[in-house]
Structure formats: C-alpha cells, structure tokens
Amino acid sequence: GFDIGKLRAETGLVTLDSGYGNTAAYKSGVTYLDGEQGILRYRGYPIEQLAEHGTFLETAYLLINGELPSADELSGFRSEITQHTLLHEDVKRFYDGFPRDAHPMAMLSSVVSALSTFYQDSHNPFDERQRHISTIRLLAKLPTIAAYAYKKSVGHPVVYPSNELGYVENFLRMTFSVPAEEYIPDPVVVAALDKLLILHADHEQNCSTSTVRLVGSSQANLFASISAGINALWGPLHGGANQAVLEMLEQIQASGGDVDTFIRKVKDKEDGVRLMGFGHRVYKSFDPRAKIIKEAAHDVLSALGKSDELLDIALALEERALNDDYFVSRNLYPNVDFYTGLIYRAMGFPNSMFTVLFALGRLPGWVAQWHEMIKEPGSRIGRPRQVYTGVVERDYIPVEQR
Ligand code: ACO
C-alpha cells in the first residue's frame, strides 16, 4: 500500500489533519462504527443486542478478552472483581485533602493516578500477570472511587463495598446509603444503569480513548494511562456534555421554557452557544445509542413515577432541531449524552456525577484498547507531526539591549 512515511522522507511533506478528522492512528479489532448508517458493534456484536440481553460485566469481559465469557469464565471474572473492590485505607485520606466542592471528575482522575503509587507492581505493562491484576483492580475499584467522590461532595461518611451485591447494586449502595438509612436499589434503576454502562463501554478512537492510547504508547502504566483518559473525558465537548446538557435544560427552564429563543441563539452562534448533546464527529445520520437511551429515559421516569419538565424541554428541543435546516444540513442529531442526564437525575445523581458515570461505563473500552496496543508487535510511540508557523530563525539579543 501507500507508504506515507516514505513520502515524507522523500519530500519533507506532512499531512495536516485538524482534529484528526481523517487520520487513522491505529488498527483495532475492538469496536466497529459506521457513522453513515448509525452502526455500532463491540467485537462484532450489535450494541442493540448487548444492551437488551447482556450485562455490563460480560460486555467488559468481551471488550477486554475478545469473546463473550462462558458461565464459568463470567463467574470467575465477577468473583475476582468482587475481591478487589476495597480501597486501601490510605487512599481514603486523599478525599480528606480535596475541597468539598471539588469536581468528582477531578477526584476520580487524581485517585486513579494515585493507584500506581499503591500498586507498584503495575509499572511494567509488558508483564501479562501485572496487566491482568491492574485491569481487575481498576474495574473493581473505580465504582468505589466514584462513590467516595460523591460522598465527599455531600459530606457523608463513606460506605464500604459489599461482596454480596452485583457490580451496579454495589455502586448504587455505596453512593446512596447513609448511616440512618440503607439504600435498597430499585431493580429498574439497576437494569437501566447497567444498560447505560454497556452503551458507553467503547466507542473506538474518541478523544479519551485516543488519549489513553497516546499516553500508553510511551509505555506508561495502565493507571497513569486511564487517569489521562478520565481527564480527556471531562471536557464539555466529550463526556462532560451530559452535565452540560442538563445545565442547558435548566437554563431554558429558568427562562420560562423558551425553546425557540434558545434555538435562535444556537443558530446565530451567539456567544458560541451550542445545542449540547447534539452532533457527533462520526455519526452523520443518527447515534444508535441515543435511540435506545431515549426509550430508557421514558421507561425509567415512568417506572419511578417521576415526571420531569426538563424531559419535555428536551423533547421540544429535539423536535425543533430535527425540523430545522441549520441542524439538518450539518447532520446534527441527538448523541449519547442528550438524554442520559435526565435518567441519571431521576436516579438521584447530581449533575456533577454524570460524567463520572460515563467514565465507569467507558473504562472497559479504555482498558481493552490499551491492552490491544501494548500487545501489538511493533507498536510505536504516538508522536504527531506539526506544521510550524513561527519565526524561522533569529539571533539572540542580550536582555539589556532589548
Ligand atoms: N450545536 C450547534 N451547532 C453545532 C453543534 C451543536 N451541538 N455541533 C456542531 N455544530 C456546527 C458547528 O458550529 C459547525 O458549523 P459551521 O459549519 O457553520 O461552522 C458545524 O456544525 C460542524 O461542527 P464541528 O465543530 O466542526 O464538528 P466536530 O465534528 O468538530 O464536533 C462535536 C463534534 C464536538 C460533538 C460537536 O458536534 C459539539 O460540540 N456538540 C455539542 C457537544 C456534545 O454534545 N458533545 C458530546 C459528543 S458525544 C461524546 O463525546 C460522548
């Protein structure tokens, strides 16, 4: 095939591709995405089937190991994870140092990064046993780290993990139980959150996953690489969009629910305002995850007997946008984040936790892609080129003569 490296060596030319819109940096067998047709598959399995019939843990196993687990493999995987959910008591002290109003994403990335100080056996990514134990630790501990961040934000004592509960139940209990009242998770909430985690589990070379790969390509350890991915996810154009959507809906509500004025501001690009939860770099017809999530939002709200004026505002926004040439001509459709915040809110999560829930879901994808990269023979450090636009050359002038 065409050898771009050879061309560069011969001509000195580099390709400039803003936002990597057309540059494949990796070969990957994890996730297939067709943005024109709205297709998303993990290891070949359609996302719709996994969301309807699968569980988050078996999806995590699938992404990381390449195959769905047998019943024995799944129970082994689950029990290994269960044994590692506890955080070292000294890790808890990090939370004492964070300000109470710290954003939970900042706590999440800091504590994940700090895991590499506690598990120094994680530092060699080429040791298969170390890769395995680091993976199990991360999957097991991230819900605990996330729940502790929430507890810090509300000033409640932490709730230790329980080995009797499933992955999602355990997370919900650690988040919402208080000494005065044990939280008994509603099965509807557990099933909906499990489904949402599946839908977020991987999305090929998005900003956070590419960050994990780029950091990991320097042979940094798994905890360091995932911590970087969490920070990349935090931004409002990526995972932070779910929080930004809710804030946008609340603003519209506060202005008396005036959807038309908001749409006008977006179209006029007033103060750079965007319709958050709309548009996607790759999907140009629809986001298959958004379809499933929109249904789930209705199901969860009605099962919990909640009505939410913000859902009505979201539906009105969607309806306006889908019939407006500005959005249609730019292929802007609801993405995964448009309806998730409404579900999380109905479950009792504050806006600041929404992106943390995205991170819990995305973890297996990050890990799977990191493993794939580390195991690939001849994998090279990620090192983009640039087109230099600065001063070509000039002579140094001593400070007293400037
Ligand atoms: N609202 C209004 N206009 C938009 C939006 C939006 N949400 N998204 C894109 N546009 C417009 C741009 O202004 C631009 O218009 P122009 O041609 O007149 O200049 C055109 O559509 C193309 O937009 P780009 O920014 O070039 O598209 P890009 O592929 O770089 O961005 C992104 C994709 C970041 C998702 C963008 O659509 C966006 O900002 N959406 C809102 C934030 C969001 O929901 N992010 C979550 C994405 S999904 C995820 O990460 C989980």
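Ala, Val, Leu, Ile, Met, Phe, Trp, Tyr, Cys and Pro count here as nonpolar, Asp, Glu, Lys and Arg as charged, and the others, Gly among them, as polar. By this scheme the shell around the ligand holds eight nonpolar, eight polar and four charged residues. The model is a predicted one, in which local features need pLDDT of at least 70 and side-chain atom pairs count only at pLDDT 80 or more, while totals for chains, interfaces and linings use all residues. Numbering starts from 1 along each chain as its sequence is written. The ligand is surrounded by 20 residues, and the closest are Ala-241, Arg-274, Leu-275, Gly-279 and Arg-281 (a residue is near a molecule or strand if its C-beta atom, placed from the backbone, lies within 6 Å of it).

Turning to the strands, an open antiparallel sheet is built from three of them in the order S1-S2-S3. Its edges are S1 (31-34) and S3 (45-46), each of which pairs on one side only. Helices (H or I, at least four residues) and strands (E, at least two) are DSSP runs, numbered from the N terminus, and two strands pair if DSSP finds at least two bridges between them. Four antiparallel bridges link S1 to S2 (residues 39-42). Tyr-32 lies opposite Arg-41 of S2, and Asp-34 has Ile-39 of S2 as its bridge partner. Four residues separate S1 from S2 in a hairpin, and Gly-38 in the turn has a positive phi of about 70°.

Two helix pairs complete the picture. Helix H6 (residues 104-118) packs against helix H11 (residues 222-234) at about 170°, with the axes 8 Å apart; axes are lines fitted to C-alpha atoms, for helices over the stretch in contact, and angles run from 0 to 180 degrees between N-to-C directions. H6 and H11 are therefore roughly antiparallel (angles under 35 degrees count as roughly parallel, over 145 as roughly antiparallel, 65 to 115 as roughly perpendicular and the rest as oblique). Their contact includes Leu-108 and Val-112 of H6 and Ile-226 and Ile-230 of H11, and its residues comprise nine nonpolar, five polar and no charged. Residues are in contact if their C-beta atoms, placed from the backbone, lie within 7 Å.

The axes of helix H9 (residues 187-200) and helix H17 (residues 337-347) come within 11 Å and cross at roughly 150°, which means that H9 is roughly antiparallel to H17. Val-189, Ala-192, Leu-193 and Leu-196 of H9 meet Thr-340, Ile-343 and Met-347 of H17. This contact of H9 with H17 comprises six nonpolar residues, one polar and no charged.

Notes:
Two residues are in contact if their C-beta atoms, placed from the backbone, lie within 7 Å.
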